[in-house]
Structures are given as C-alpha cells and as structure tokens.
Amino acid sequence: MRTLFTVSLSGITALLYLLGLSSTSEKDKQNHLVPSINKVEKLAIDTPDQSRFVKVNLLHGQFTEPTEMAILPNLDILVAQRRGEIKIYKNQSKTLKEALKLDVYFKSNTPNVNAEEGLLGIAVDPNFAANQYIYAFYSPIKTSVNRLSRFKLLNDKINPSSEKVILEFYSQREICCHTGGSIAFGPDGLLYVSTGDNSTPFDVPKQEFVNKGYAPLDNRPGLHQYDARRSAGNTNDLRGKILRIKLKDDGTYSIPDGNLFPKDDPKSKPEIYVMGNRNPYRISVDQQTGFLYWGEVGPDASGDNEQRGPRGYDEINQARKAGFFGWPLFIANNYPYRAYDYTNGKSAEPFNPSAPINNSPNNTGLSQLPPAQPAYIWYPYGESKEFPQVGSGGRTAMAGPVYHTKPGANPYPAYYNGKLLIYEWVRGWVKAVSMSPDGNYLSMEPFMSDVKLAAPIDMELGPDGKLYILEYGKGWFTKNPDAGIVRIDYLKGNRPPQIKNMEIKKVSGLLPYKLIATVDVKDPDGNALTYIWNLGKGIKKSTTEPTLTHIFTKVGEYPISVKVIDKTGASSTSNTIAVFAGNEHPNVEINLLGNKSFYFPSKPISYKVLVSDKGATVNKSRVYISNTYTEGLDLAGAQLGHQQAAQTLVGKSLMLKSDCSTCHKVNEVSIGPSFIKVSNKYQKNNKATTYLASKIIKGSSGVWGEIPMPAHPTMKEAEVTQIAEWIMSLAAKANNTPSLPMEGKITPPATVNANKPIFALKASYTDMGAAGLKSLSTTKVVNLSSNVIEAKDLKDLSQFGRKDLSGVEELIFPQNEGWIRLKRIDLTDIAAFALSTKDMGGNVDYGIEIRLDKKDGQLLGKTSLSSNANIPLTSVNDGNFHDVFILFKANKKDVKNRPLLQNIKVTTLL
C-alpha cells in the first residue's frame with residue numbers, strides 16, 4: 001500500500017528514539033512490554049506488495065509425516081519423517097532419496113492413545129562442508145528415551161555405524177503427549193534442542209475431579225503422567241526444556257556459560273537454558289543477536305476458571321538469556337494457575353510468578369524456581385485483544401527465523417531486515433514481527449499473505465537467503481498428498497496473473513447444455529492474457545477474453561477450470577467447478593404471504609413451496625421442508641428474503657475455509673474421526689445438527705478418544721450449522737424428522753429467543769438423476785428476522801457509540817446528529833418503529849425521522865424522543881426491498897449523558 005508518508009523499519013526505529021517512545025525500563029525489557037505498541041502500529045508504512053511473494057512447489061505427495069528439515073550448502077534438503085526416515089531432496093534432479101531409516105517408537109500399543117514420538121528433529125552442522133555432520137533427535141524403539149545423536153552424511157547416505165549418541169533422557173511412553181524435538185544452532189555454534197513436558201493433558205478416566213484442559217497438576221500416586229511439575233517444572237529433569245550445549249569433535253559436549261543452573265548443582269541439570277515448556281515444537285535462533293525464539297503449543301481450556309486459572313493460550317517466546325518461562329504454573333502474560341486438590345476439587349492460592357514454588361512429590365529438583373518470564377506473544381482460541389492480527393480458531397504456534405539481509409543473498413526487500421517470522425500450523429498464516437534494536441516487540445503484520453500453506457511445520461532460511469517451508473499436509477498421522485517442500489520467491493519483475501475466482505452462470509442443463517464461464521482475473525503488470533479452458537475429458541479451448549461459451553452435446557459430469565497465461569509465459573490456474581450436461585438442477589421457490597423481512601410473535605407465517613424439474617416429473621415425496629431458529633449476523637442470520645444454494649456445497653465450502661480439515665477427513669483416519677463416522681454415529685439423533693454445531697463452537701473432548709476438539713467461539717452459529725448439516729448429509733439415508741407440508745402456516749412462539757432471532761424456512765428437492773449422472777439437489781432458504789432488532793445487531797450507522805452494560809451492548813445516541821440504516825427490508829404491512837431507549841440523566845430531546853432509500857428520501861414518519869419513541873409510518877406496500885434511514889438530531893448542542901438505544905421494535909398492521 002502506497003502512502004504519502006513512508007518509512008523503512010530502520011526509519012521507524014529512528015523515529016521512535018527521536019520521540020522517546022522506545023526507551024523502556026529494565027523491567028519492561030525483561031518482560032518484552034513496550035507501551036508504544038499501538039502508536040507504532042498506527043504509523044503509515046510502505047509495506048512490500050504481498051502479491052510479489054509466490055510459492056514454488058519443489059516436491060509434493062511423497063512425504064509421510066515430515067517433521068523438520070535442514071538445508072545443505074548445495075541446496076539439497078534433508079527431511080526428517082516421524083516414522084524414522086531421513087529423506088534427501090536433490091535440488092538438481094528434483095528427486096527424493098532415502099538417506100537413512102531409523103528404528104523409532106512412533107506408534108502406541110495402547111488403545112486410543114496416539115504416540116507423538118519418533119524422529120522429531122534434524123539439523124546440519126555449521127561446519128558441514130568440512131565435517132559432513134548432521135544431528136537427529138529421535139525416540140529409539142528399544143529404549144524409553146529421547147536421544148540426540150550425530151551422524152555423518154556421505155554420498156547421500158547416512159551409515160548407521162557413524163552414530164555418536166550425544167545425550168539422551170528418560171521419556172514415559174504409551175501415553176500422549178508433547179515431545180518438542182526441534183534442533184537449532186546459534187551464531188556462536190552452540191546447539192539448542194527442545195523437549196516436551198511428556199505429560200497427558202486429558203482427564204484421568206472415571207474420576208470426579210479432572211484436568212479439563214487446565215495445567216496438569218495431579219500428583220496423586222500412580223498418576224505421574226498427569227503432573228507436569230515432574231518434568232517441565234522440575235529443575236532436575238530434561239523434559240519440558242530447551243537445552244543448550246557446546247559440541248566437541250569426539251561427539252561429547254560441554255556446558256557453556258550462561259545456562260540457567262550451575263554446572264555442579266545435584267538438584268538441577270546444567271544443560272537447561274530454558275525451562276517451563278509445555279511443547280516447544282519449533283525453535284529458532286537469531287543468527288545476529290543470538291536470541292532464542294520458539295512457539296509454545298498451549299493447553300485446551302476454552303475459558304478462564306476462578307478455581308483453576310486461565311484459559312489456554314499458545315505462545316511465541318523470546319529468550320535473551322536463560323530463564324523459567326512458567327509452565328505448568330503460569331501461562332501467557334504470567335497468568336497464574338492454582339494448585340488443585342484432585343481428591344476433593346478444592347483450590348489453593350494462585351502461584352506467585354515472582355517466587356514460584358514446585359512442591360509436587362513428583363519433583364526431584366529444586367522447590368524454589370526462578371522468577372517466571374512472560375510470553376512474548378500469546379493468543380487463545382478466541383480473538384486476542386492484545387494481538388488481534390493472529391485471528392481465532394485452532395492454534396499451534398511456530399517460530400521461524402529472523403530474516404537478515406547479507407551480501408550476495410538478498411532475495412526479499414530490505415524492509416524485512418531484522419524481522420522475526422512466526423507462523424501457524426493450524427491457521428496457516430505467516431506474520432512478520434517488527435522489533436526494536438534491543439528485541440522488544442513493536443508490531444506484527446501479514447507476510448506473504450497471498451500464499452496458501454498446507455499446515456506449515458518447519459520454516460528455514462537457505463544458504464541462498466530464501467525461505468523454505470515444509471508442509472505437513474492437512475491430515476494427522478498419515479501420508480498427505482499436500483505434504484511437501486516449497487520455496488518462497490519474491491518476484492521483482494513480471495508476476496503471474498492473479499485469479500480471484502471463476503464463476504459459471506448455470507452449472508447444469510439438459511442437452512444441448514450451454515456453458516457460460518467467466519474468470520475474475522487481473523495481471524498485476526498489465527500484460528495481455530490468454531485463457532486455456534480445461535473442460536474435462538480432454539476438451540480444451542483457448543480464448544483471449546476472460547469468458548467462454550461452449551455447447552456440450554454428450555451426457556456427463558465435466559470439471560471446468562482455466563489456466564491464465566501472460567505474454568511472458570507466467571501462469572495461474574483457477575478453481576475447478578463441476579458442471580452437469582444432461583440433467584438440470586431442479587427449481588425450488590418459497591412464496592410468503594405478507595412481510596418478507598420480519599416475523600412477529602404468535603402471528604402465523606403463511607408459505608407455499610413450488611418445485612419444478614425440467615425434463616422430469618416432480619416426486620413430491622423427495623421434497624423436504626423444515627424450519628428452525630438461529631443466531632443473527634448483523635441485522636439477519638443470512639440475507640433477509642430469499643437465499644438459494646446447494647446446501648451441502650455451502651456447508652462443505654465453509655468447512656474447507658475453517659481449520660476443520662486439519663483434524664478431520666471425509667472418509668479417512670486423521671487425529672479426529674472422519675466426517676463419515678460422525679455422520680453415521682448421529683443419524684438417529686433428530687437433534688444432531690444442533691448438537692454438532694454446539695460442539696464445534698464450544699469444543700469437545702472424550703467422545704472419540706482423548707484428543708480434544710478445540711473450541712471455535714468466533715465462528716457464527718449460522719455458518720457452523722451449515723457445516724453440521726453437510727456432515728449429517730454424508731451418511732443420511734432418509735430424513736428422521738417428517739417434512740412440513742408444501743403449503744401451510746407456521747406460528748412463531750410468543751416469546752422470541754434473543755440468542756436465536758432468525759427464523760429460517762428451508763425447502764430442498766433432490767431429483768432422480770439421469771442416465772450416467774448422479775441426482776442433483778436444490779435448496780432454497782427464506783430468512784426472517786425477529787421484529788425486535790437488538791442494538792448489537794445494528795452495524796450500519798454514523799456518530800453512535802457503543803456501551804456494554806452487564807454484558808448487553810447498547811448504542812449511545814449521537815452528540816449532535818447521526819443515523820442508522822436498515823438495509824434491504826420489506827415494509828409490507830409495517831405500521832411503526834418503536835425505539836426502546838434508556839435515559840442516562842441527560843438531554844433526551846432528539847428529533848427523529850424515518851426516510852426511504854436515502855437520507856433525504858421520502859419522509860415516512862417522525863417524532864420527538866422527549867415525547868414519544870413510537871414512530872408511525874406511511875404505508876409502503878410495493879413488495880420491494882428498501883433501505884430505511886433513521887435520522888437522529890439533538891435539539892441542543894453538545895449533549896452530555898446521552899441516552900442509550902437498546903433496540904428497535906417493528907410493529908405490524910395485521
């Protein structure tokens with residue numbers, strides 16, 4: 001984005017120092033808290049064009065659970081796979097070889113327990129060109145330990161006999177979870193390796209008082225795996241740590257100065273650099289400053305609990321020196337957990353971050369721990385107030401490299417020099433974090449935001465200065481077709497065309513079927529474009545315009561896509577849409593008698609459903625009609641009036657846009673059950689859609705095993721319901737609930753559920769198909785809003801403020817004048833608007849006008865708030881949808897203690 005005022009990162013830093021904004025106390029430096037964050041983010045910055053970042057696919061479809069990679073000087077890439085293979089991608093030939101197969105423990109023998117161990121990490125010696133050393137962190141099959149070893153790579157092969165075991169430590173098996181396992185070298189040649197807390201975050205079976213996704217602190221006899229104080233909080237245990245050692249040529253190591261504990265303390269381990277880690281799955285070391293960064297995968301509790309402590313957070317952390325980073329006593333910004341008695345459900349005082357104590361009987365180390373350090377960046381399942389850029393949903397935080405320009409290798413704009421790259425395995429984003437010279441957080445912004453990634457699990461800078469990303473693929477514990485290695489290029493010259501979407505006017509029709517396809521595309525460099533249309537079954541057409549008309553004369557289902565090529569040969573390919581020649585989607589209409597925007601308590605809604613099927617006779621037994629009440633989205637849960645879509649396709653599309661596909665497949669095993677299994681399980685439950693929607697929003701555990709499903713509190717209920725409907729459609733044999741008649745009346749309840757104010761009437765019809773073609777379905781939905789529009793649902797307005805009173809959002813009247821717009825509503829049979837207001841002790845003398853279509857449009861009604869909040873309307877019965885403006889004007893200037901608007905009630909003539 002170009003702005004009048006542009007500065008580089010170094011310019012920001014200089015400006016901050018000139019303004020005095022970056023001077024921080026020693027305490028602030030330790031806590032990474034910079035009070036000027038919001039000021040920095042408001043600066044206008046000339047950020048590089050994100051469309052110039054492109055994803056170059058090096059190899060896909062040949063990896064099974066890749067975990068970490070290491071890039072060799074010649075740009076060959078070593079890839080560790082959890083099941084024990086070390087693969088080598090050959091840069092010149094673009095082929096994949098196996099360098100070594102380690103015999104690792106990667107699969108549990110205990111039912112419903114997913115082992116996470118195996119081959120976890122890999123790194124290349126900084127002096128690889130001379131010594132050919134590589135390092136692997138893995139779980140040997142025969143011994144219950146996790147091990148760091150050195151090997152030698154010669155001629156693309158690793159001889160097992162070259163192994164030198166550097167260190168190993170006990171790890172409890174046949175339990176889940178948390179392994180860590182990432183390896184990195186610092187600029188001084190010191191080796192860092194991360195280890196997980198080896199603790200079970202799930203509930204102890206058949207117990208009254210359980211963990212529920214908070215810190216696992218259960219120290220009862222025989223339940224060691226449920227107490228992370230035995231590992232992450234234990235100064236005498238290497239689990240739940242990041243270790244730092246200095247390697248020797250003979251495969252042994254020494255302890256560098258500056259680690260967390262003395263070299264001769266019998267109650268601590270001198271290898272520990274950072275402790276208090278849950279699952280530091282991916283680490284990185286700044287090759288200039290030596291600062292350590294890591295992503296910390298956090299617990300699953302979706303809400304704060306007064307008896308237990310804070311909800312779950314993922315973290316990005318920074319260590320400038322050795323320290324204790326809190327787990328399992330603290331999380332995020334040093335939010336404390338409480339000690340909890342699992343025998344009676346009683347809680348103790350919160351832990352003290354200044355003087356934390358580990359008094360677990362499972363602790364073999366020091367009881368007095370170092371002061372806890374807060375996270376650098378932290379975020380929950382829901383939206384983050386501190387870091388809103390991270391979004392919401394499932395979470396798996398990862399730390400990438402700090403980018404530095406260097407002579408002869410500057411593939412990206414200098415703007416990114418000194419920025420930390422962080423990324424999300426589940427959410428799929430990458431962010432660039434700007435920091436002050438001493439490492440304090442300043443801001444974050446999207447990085448290569450136009451590039452889509454399939455569960456990025458590792459990110460490394462190669463010798464060429466370019467970013468390489470290892471994609472795990474969207475599925476757990478399996479070989480994913482989208483798993484692979486990609487390189488990120490920045491195109492300084494010509495760029496490929498940018499396709500926004502391809503649309504087809506009519507996706508089905510009887511023979512001869514006329515296809516009209518249009519692609520929305522632009523060339524960022526203004527080049528002329530050529531369009532190669534793939535029509536399936538070997539049919540291709542070329543055009544110089546972004547539209548295509550083609551006549552199909554043979555029955556079939558045809559996948560349609562288009563490849564757009566510019567004059568230099570750079571190209572992009574669109575999405576694929578299936579069309580059906582020889583059968584046409586049926587037509588479904590819902591006719592309403594009366595108002596088409598609102599329903600009214602206890603007043604019947606009269607409807608009639610009409611179905612036609614071109615070329616066939618309608619079978620009325622295949623018509624299904626239902627109604628429900630759902631959550632609102634702004635003024636309405638969906639578009640008011642008519643909405644038509646193939647409902648299952650809408651639900652599937654919403655699922656693919658969410659993070660659901662990371663843990664679930666349609667008909668394949670992943671970390672969660674397949675959607676088919678879920679659908680089969682609940683087919684006899686007539687409330688299955690509501691139940692599943694609730695589980696998606698609130699999260700769930702224990703239904704399909706120990707692995708919990710994360711909560712999605714920011715997802716809209718209307719969209720989640722469509723996902724649930726799609727899931728239930730997968731195994732549906734017949735509707736369990738009888739259909740409503742094709743013509744009738746539905747009477748809303750006398751009292752409306754304020755949380756579900758949208759009435760949805762849905763009608764669907766599935767035809768019998770045609771020879772060689774499957775059945776086609778059409779669904780039409782009519783959405784009516786409750787006649788009471790709450791203040792929180794009024795979004796299109798001017799000069800109103802918002803106020804939260806006891807959890808209820810209300811609107812503050814404008815100081816002088818303002819307006820509210822109700823978009824596209826039907827005024828048929830509407831008698832008046834009644835405003836529910838609250839006097840705040842100030843002036844309530846406002847003039848109010850209702851106008852049609854625009855702010856100076858036809859006057860429909862007016863009143864003075866001081867005398868009457870009910871506004872009768874001039875009749876508008878044309879059956880059209882109109883914008884309605886409600887204008888407010890204070891009769892006195894600069895009003896103090898202005899009244900609040902609670903809701904608008906629409907009343908009917910009937």
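Let's start with an open sheet of three strands, in the order E41-E43-E46, with antiparallel pairing. Strands, labelled E, are DSSP runs of at least two residues, numbered from the N terminus. Two strands pair if DSSP finds at least two bridges between them. On the edges sit strand E41, residues 587–593, and strand E46, residues 743–746, each pairing on one side only.

How many bridges join strand E43 to E46? Four, and E43 covers residues 605–612. Lys608 has Glu743 in E46 as its bridge partner.

A word on the source: this is a predicted model, where local features need pLDDT of at least 70 and side-chain atom pairs count only at pLDDT 80 or more, while totals for chains, interfaces and linings use all residues. Residues are numbered from 1 along each chain as its sequence is written, and side-chain values use heavy atoms, with hydrogens and water left out.

Next, the cores. A nonpolar core is a set of buried Ala, Val, Leu, Ile, Met, Phe, Trp, Tyr and Cys residues joined through side-chain atoms within 4.5 Å. Buried means under 20% relative accessible area, exposed over 50%, and partly exposed in between, with a 1.4 Å probe and protein chains only. The largest nonpolar core has 73 residues, and Leu148, Leu292, Ile377, Leu420 and Val433 touch the most other members. Strand E15, residues 272–275, gives the most to this core, with four residues. A second, separate core has 44 residues, including Leu421 and Trp425. In soluble globular proteins, nonpolar side chains tend to be buried together.

Now the backbone. Most residues other than glycine have a negative phi, and most peptide bonds are trans. Trp327 and Pro328 are joined by a cis peptide bond, with omega about 5 degrees. Pro328 lies in the loop between strands E19 and E20. Another cis bond runs from Leu511 to Pro512, with omega near -10 degrees. Pro512 is in the loop between strands E33 and E34.

Two residues other than glycine have positive phi: Glu65, near 55 degrees, and Lys212, near 60 degrees. Is each one buried or exposed? Glu65, in the loop between E1 and E2, is buried, with a relative accessible area of 1%. Lys212, in the loop between E12 and E13, counts as exposed at 57% relative accessibility.
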